[in-house]
Amino acid sequence: MELNLKNKNALVCGSTQGIGKATAILLAQEGANVTLIARNEEKLKAVLAELPNNNQFHDYLVADFSKPNELKNVLEKSDLQFHILVNNTGGPAGGPIFNAKIEEFESAFTQHLKCNHILVQTLVPFMKDQGFGRIVNVISTSVKQPLDGLGVSNTIRGAVASWSKTLANELGGFGITVNNVLPGATGTERLKEIIKNKSAKTGLSIEEVSKNMKNASPAKRFAKPEEIAAAIVFLTSEKASFINGINVPVDGGRTKSL
């Protein structure tokens with residue numbers, strides 16, 4: 001299937017590892033000009049060097065999403081314009097919601113919703129002018145089925161999903177779609193951290209926790225970051241022009257709701 005991403009400019013957040021990195025590489029493979037954005041410049045340079053290049057323009061921006069004003073300044077100073085935005089930020093620390101500190105909610109809200117909003121407000125005018133825009137938010141299956149031990153994440157992810165649906169309704173008439181991809185357990189550094197924490201709290205070994213998590217999915221395995229990226233990249237394409245305002249679980253069938 002031809003996705004027609006040549007000459008499209010894409011900004012991929014959290015693109016130095018995991019799903020973000022896999023998405024950036026696949027977008028480049030499909031012909032897009034890719035700009036990476038994250039806080040670690042050395043890692044950004046390393047990923048930039050890995051991007052497939054066929055007379056394409058690839059770049060990176062350095063920004064810390066815990067500092068929204070810094071992100072805003074970086075975007076304003078850049079003269080780059082984008083047809084595609086992939087919002088992707090590492091999840092909040094795990095733990096029961098009752099024990100969560102107010103500061104944890106505030107921090108997660110800043111990184112996941114405030115920064116998403118700053119990006120959208122900055123990038124959408126160009127998308128409107130072009131009559132084409134794709135915004136994909138990488139969230140979590142918790143927006144359909146809250147996950148045990150991820151209280152802050154469940155709460156903030158739900159807020160982002162509602163924000164996204166509202167935005168989809170407002171921007172659909174301009175040729176801009178807004179969709180959410182909901183990864184299940186995926187082989188990333190974030191998953192290793194979750195498994196390690198569960199092991200410490202339950203007394204089960206790393207192997208036992210990992211096996212239990214795999215068995216929660218009919219696929220009986222973890223996703224590869226590239227499998228999540230494939231869904232994201234399709235939603236950024238011209239072929240997905242009439243898909244708008246939806247949540248797409250990519251979880252091997254783990255989510256029990258329809």
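**Close-up views of the predicted model**

Figure 1. Thr188 counts as buried, because its relative accessibility is 14% and the limit for burial is under 20%. The model shown here and in the other views is predicted. When residues up to four places away in sequence are not counted, Thr188 touches Gly18, Ile19 and Pro225.

**Figure 2. The protein chain as a whole.** The secondary structure of the protein chain amounts to eight helices and seven strands. The C-alpha trace spans about 55 × 40 × 40 Å along its principal axes. The radius of gyration is 18 Å, which agrees with the value near 18 Å for a compact globule with 258 residues. Of these 258 residues, 50% count as buried. Among contacts with a separation of 6 or more, 73% are made by residues 24 or more positions apart. The chain exposes about 12,800 Å², and carbon and sulfur atoms supply 51% of that area.

**Figure 3. Strand S4 with its partners S1 and S5.** Strand S4 (residues 84-87) is covered on both faces. Ile84 and Val86 lie on one side, Leu85 and Asn87 on the other, and all four are buried. S4 pairs with S1 in the parallel sense over three bridges. Val86 of S4 is the bridge partner of Val12. S4 also pairs with strand S5 (residues 133-138), again in the parallel sense, over four bridges. Here Ile84 stands opposite Arg134 in S5.

**Figure 4. Leu27 in helix H1.** Leu27 is found in helix H1, which covers residues 18-29. With 0% relative accessibility, Leu27 counts as buried. Leaving aside residues up to four places away in sequence, Leu27 touches Leu5, Ala10, Val12, Ala32, Val34, Val86, Val233 and Thr236. Two of these contacts can be followed into the strands of the previous view: Val12 and Val86 touch Leu27, and Val86 in S4 is also the bridge partner of Val12. Leu27 and Asn53 are 26 residues apart in sequence, and their C-alpha atoms are 11 Å apart in space.

**Figure 5. The two faces of helix H3.** Helix H3 covers residues 68-77, and its Pro68, Leu71, Val74 and Leu75 are buried. Viewed down the axis of H3, the buried residues fall within an arc of 120 degrees, so they line one face of the helix. This buried set packs against strand S1 (9-13), strand S2 (33-38), strand S3 (59-62) and helix H4 (102-130). The face turned away from the buried side carries Asn69, Glu76 and Lys77, which are exposed.

**Figure 6. Cys13 and Cys115 without a disulfide.** A disulfide is a covalent bond between the sulfur atoms of two cysteines. With a cut-off of 2.5 Å between cysteine sulfur atoms, the count comes to zero disulfides. Cys13 is in no disulfide, and the nearest cysteine sulfur, that of Cys115, is 8.7 Å away. Cys115 is likewise in no disulfide, with the sulfur of Cys13 as its nearest cysteine sulfur at 8.7 Å. Cys13 is buried, with a relative accessible area of 0%. Cys115 is buried too, with a relative accessible area of 0%.

**Figure 7. Asn4 and Asn55, two residues with positive phi.** Most residues other than glycine have a negative phi. Asn4 is a residue other than glycine, yet its phi is positive, near 55 degrees. Asn4 is placed in the segment before S1. Asn4 is partly exposed, with a relative accessible area of 29%. Asn55, which is not a glycine, has a positive phi of about 60 degrees. Asn55 sits in the loop between helix H2 (41-50) and S3. Its relative accessibility of 78% is over 50%, so Asn55 counts as exposed.

Terms used: Residues numbered from 1 in each chain as written. Predicted model: local features only at pLDDT ≥ 70, side-chain atom pairs only at ≥ 80, totals over all residues. Heavy atoms only, no water. Buried < 20%, exposed > 50% of the residue type's maximum accessible area, 1.4 Å probe, protein only. Arc of directions from axis to C-beta. Contact = heavy atoms within 4.5 Å. Rg over C-alpha atoms; globule rule 2.2 N^0.38 Å. Areas by Shrake-Rupley, 256 points an atom, 1.4 Å probe, with all protein chains shown as cover. Pairing = 2+ DSSP bridges.
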